[in-house]
Amino acid sequence: MKKLMLLVLMGVTLSACANTQKVPQVAQKLNEIAPYPNAKVGATRYVIHLPSLKDEANAKVEILVGKDMNVDCNAHNLGGVIKEKELKGWGYSYYEVEEVKGTLSTMMACPESANKNQFVTVRHNLGLLNYNSQLPLVFYVPNDVTVKYRIWQPDSKVLQATAE
């Protein structure tokens, strides 16, 4: 009788656990985390709240700052500098793009109908940023510029190099 009661109790407990809904992770508002400055006139503040991962130490974030442009078949980039700044008294980083300059491109001859819309990026020296879901990535950019990002994670397959 005791075994039957124990089995019934375990069954009820397991079914209750299985039916609980998963609560989605809600990102905090930026000003609840730290007093980041508001965007200046003519600029936009972009905030990236990264989702938590099992192994954040092996993940990286690639930042793409740029704008959609109608371009030809050449490789195009925008000129500009992204500066990393520190939120005084907090030690948190944020990034500022002061100016985005004209288009840089290769000079290949293109067919007449080779134009297409493409996201053209600013070449910057940030590299891949460390992944940290606890802090947002904050960017201040001119109004005509957009911030996009890509998450990089290692493939589980490790390959062997060949000795030559």
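Reply: Happy to! A residue is called buried under 20% relative accessible area, exposed over 50%, and partly exposed in between, using a 1.4 Å probe and protein chains only. This is a predicted model, in which local features need pLDDT of at least 70, side-chain atom pairs count only at pLDDT 80 or more, and totals for chains, interfaces and linings use all residues. Residues are numbered from 1 along each chain as its sequence is written, and side-chain values use heavy atoms, with hydrogens and water left out.

A salt bridge here is a side-chain nitrogen of Lys or Arg within 4 Å of a carboxyl oxygen of Asp or Glu, and that rule gives four of them. Strands are DSSP runs of E with at least two residues, numbered from the N terminus.

Let's begin with K83, which is partly exposed at 38% relative accessible area. K83 pairs with E98, their closest N and O atoms lying 3.3 Å apart. Because K83 belongs to strand β3 (residues 76-87) and E98 to strand β4 (residues 92-105), the pair ties together parts 15 residues apart in sequence.

Another salt bridge joins E96 and K85, at 3.0 Å from N to O. E96 is in strand β4 and K85 in strand β3, 11 residues apart. E96 is buried at 12% relative accessibility, while K85 is partly exposed at 29%.

R150 and E62 also meet through their side chains, at 3.0 Å from N to O. R150 is partly exposed at 39%, whereas E62 counts as buried at 19%.

Terms used
Helices (H or I, at least four residues) and strands (E, at least two) are DSSP runs, numbered from the N terminus.
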